Amino acid sequence: MKPILLIAIFLFVFQLSSQAQSGMKDAFEKYFHVGAALNYRQVNGQETKALDILEKHFNSITGENLMKWGPIHPEPDKYNFEPADKFVALGDKMKAFVVGHTLVWHNQTPDWVFEDADKNLLEKEALIKKMEDHIETVVGRYKGKVHGWDVVNEAIFDDGQMRTSKWYNAAGKDFIKRAFTKANQIDPEAELYYNDYNMWKPEKRNTAIALAKELRAEGIRIDGIGMQGHYGLESPTIEQIEASIIAISEAGFKVMFTELDIDVLPNPANRSGADIDATFASDEKYNPFKDGLPQEMQEKLAKRYGELFALFNKHSDKITRITFWGIHDGGSWLNNWPMRGRTAYPLPFDRNYDEKSDVIKEIIESRSVR
């Protein structure tokens, strides 16, 4: 056999081998981080197969629930840092881009945060003082180790109005401004984000952009706006998502997709998003794939992920990170939302920690669409 033919065969085989060994993070390392949200079992090392997936495919991590106020600061004088410490240590070991989620949110925040000793709702300054102390403690502990913070989460309704949470009712938009100010003061090197779902809706997106511009106009640092990415197979459209990528970027802010998953199950209210308070009683007609996802649906899932990553690739000059909200189907929050006990299939890895090869293939091959 001629030497030149041998070389060609060797290079072809080597290329195939490299593609088989490379993960999503390798495919997109020149463009954006590829991340995953981690749960308690994973940071405790109890899901070794999940950690193997993490090492191969991801170069960014987010704590799914570890750093929310309730889990990390359950009582006025008590912090539970152990899970978050393990999470941050894992990120350091991986040399990953570590995201803290989230400093201020209306959910998973204990009632005591908003109340005085007699359980009366606090006035503005007393509440903001609690918030600032919390941010100082948490951000200060992980200064230099957490590279980006979701400072404020889900403060806007879908119609573009400010969410009338206990935070907003007491302090208006000042709770947002003071949160970003304090986070910047404690760690001026960490990136600071506003994060929300349904950011493809123009009313919501426009309010978020206006809010971010208002902060900057007042000299308050905000680096990016996170689009959560809890999507369905058909909604929102690629065009709707693209419009928000462009609008956020043109306004001068980094874009990241922070909680990506695709719900293939029927929805009881025909809605999208991630309002965890909007729940329903269990109903088996909304859990049709208990014994496995039909091939037709699997193909639709793969196609949808391919289309999304083709879009992300197209706008990789604007996007800094894509984070999946979980590692594998069995650990997805969609098994219990909007109703408990469903069998969900929203991620690129199944309940056995195996790659959905067609999904991964579609994602990686989307690199050619630029």
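Student: Before we start, what does buried mean here?
Tutor: Buried means under 20% relative accessible area, exposed over 50%, and partly exposed in between, with a 1.4 Å probe and protein chains only. This is a predicted model, where local features need pLDDT of at least 70, side-chain atom pairs count only at pLDDT 80 or more, and totals for chains, interfaces and linings use all residues. Residues are numbered from 1 along each chain as its sequence is written, and side-chain values use heavy atoms, leaving out hydrogens and water.
Student: Why does D196 count as buried?
Tutor: Because its relative accessibility is 0%.
Student: What does the D196 side chain make a polar contact with?
Tutor: With the side chain of Y194, at 2.4 Å. A polar contact is a pair of N or O atoms within 3.5 Å; within protein, one must be able to donate a hydrogen and the other to accept it, and residues adjacent in sequence count only if both atoms are side-chain atoms.
Student: Switching topic: which strands are joined to β5?
Tutor: Strand β4 (residues 148–153) is joined to β5 by five bridges, and strand β6 (residues 224–227) by four. Both pairings run parallel. Two strands pair if DSSP finds at least two bridges between them.

Key:
Helices (H or I, at least four residues) and strands (E, at least two) are DSSP runs, numbered from the N terminus.
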